[in-house]
Amino acid sequence: MLDIQDSRQNQIRDPGGAGVSAVTGADVYSATKLLLASFILAALVFPTVVRSDGFPGSPIPPDAAAPTPEELFRLFANHTEDWGRGSGKYWDPDGTWRAVNISENSVGSGTWYVTTASRVCYEGSWYWNQDFDVANSGSKKICTRFRRDAKGMMWSTTKGLNGPWYPFSFESFEYGNLIARSYADTAAPIARVQQ
């Protein structure tokens, strides 16, 4: 059995012949303490927001109230959610939406509406060419709840009233249909495959 106390017996030789001390229990203990201290320091410097109910994300301020359905409709209707480089989603006032993702050569379409509980819901599918055919995501429905706090900050969640809630910004929304051309250009090859 190896005697841990004898440092000469606890040396490992590298190919060059220099002695390298073996790792002792004290070294492991010190490294563990250092690692634990690093995690604690990181938690203090970069705190992760975890609500008291265990959900990640920010808690919604207690003074937040639901915007009216009419206000939400005005914020979305006839606006393009700009994703950059010609991609985005257009919320048509007639209740339809269209989206295009240039980098994936895909288009989406469906319907959208605002509920009396101040939720914006949309339902539809994405389409793209795959193996000489058209693939689609299948119809999916997503509803987002909205609240505005006393400072005017909008909050949203796709979960229940308990959240988690996240800040929502309309900075990427622009008036009008800004994706009409990129949608048509991307949809045309997909439509040709369907014929």
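**Strand pairing, aromatic pairs and cores**

Strands E4 (residues 87-91) and E5 pair in the antiparallel sense over 4 bridges. The structure described here is a predicted model. Within this pairing, Tyr90 is placed opposite Arg98 of E5. The two strands, E4 and E5, form a hairpin that has 4 residues between them, and Gly95 in the turn has a positive phi of about 95°. On its other pairing, E5 runs antiparallel to strand E6 (residues 106-114), with 6 bridges. Here Thr96 stands opposite Thr111 in E6. E5 and E6 also form a hairpin, again with 4 residues between the strands. In the turn of this hairpin, Asn105 has a positive phi of about 50°. In a regular strand, side chains alternate between the two faces of the sheet.

The structure contains 15 aromatic pairs. In one of them, the ring centres of Trp97 and Tyr122 are 5.5 Å apart and the planes stand at 80°, so the pair is edge-to-face. Trp97 belongs to strand E5 (residues 96-101) and Tyr122 to strand E7 (residues 119-130), so this pair ties together parts that are 25 residues apart in sequence. Trp97 has a relative accessibility of 2% and therefore counts as buried.

Another pair is formed by Phe146 and Phe168. Their ring centres are 5.1 Å apart and their planes are at 85°, so the pair of Phe146 and Phe168 is edge-to-face. Phe146 lies in strand E9 (residues 140-148) and Phe168 in strand E11 (residues 166-168), so the pair connects parts that are 22 residues apart in sequence. The accessibility of the two partners was also computed. Phe146 is buried, with a relative accessible area of 1%, whereas Phe168 is partly exposed, with a relative accessible area of 22%. The limit for a buried residue is under 20%, which means that 22% falls into the partly exposed class. One aromatic cluster is formed by Phe73, Phe76, Trp91, Trp97, Trp112, Tyr122, Phe146, Phe168, Phe170 and Phe173.

The largest nonpolar core has 12 residues in all: Leu72, Phe76, Ala77, Trp91, Trp97, Ala99, Trp112, Val120, Phe146, Met154, Phe170 and Phe173. Helix H2 (69-76) and E5 each supply at least two residues of this core. Val120, one of the core residues, is in contact with Leu72, Phe76, Trp91, Trp112, Tyr113, Val114, Ile142, Cys143, Thr144 and Phe146, leaving aside neighbours within four places in sequence.

The structure holds 1 disulfide. This disulfide joins Cys121 to Cys143, with an S to S distance of 2.0 Å. The torsion about the S-S bond of Cys121 and Cys143 is about 115°, so the disulfide is right-handed. Cys121 is in strand E7 and Cys143 in strand E9, and the pair links distant parts of the chain, 22 residues apart. Both Cys121 and Cys143 are buried. Strand E9 also contains Lys141. Not counting residues up to four places away in sequence, Lys141 touches Tyr113, Tyr122 and Glu123. The C-alpha atoms of Lys141 and Gly124 are separated by 6.8 Å, and the two residues are 17 residues apart along the chain.

Trp83 lies in strand E3 (residues 79-84). With a relative accessible area of 38%, Trp83 is partly exposed. Residues touched by Trp83 are Gly88, Lys89, Ala99, Val100 and Trp126, not counting residues up to four places away in sequence. Trp83 and Phe173 are 90 residues apart in sequence, and their C-alpha atoms are 9.2 Å apart in space.

Conventions
Residues numbered from 1 in each chain as written. Predicted model: local features only at pLDDT ≥ 70, side-chain atom pairs only at ≥ 80, totals over all residues. Heavy atoms only, no water. Phe/Tyr/Trp six-rings, centres within 6.5 Å; stacked < 30°, edge-to-face > 60°. Buried < 20%, exposed > 50% of the residue type's maximum accessible area, 1.4 Å probe, protein only. Pairing = 2+ DSSP bridges. Core = buried A, V, L, I, M, F, W, Y, C linked by side-chain atoms within 4.5 Å. Contact = heavy atoms within 4.5 Å. Disulfide = S-S within 2.5 Å.
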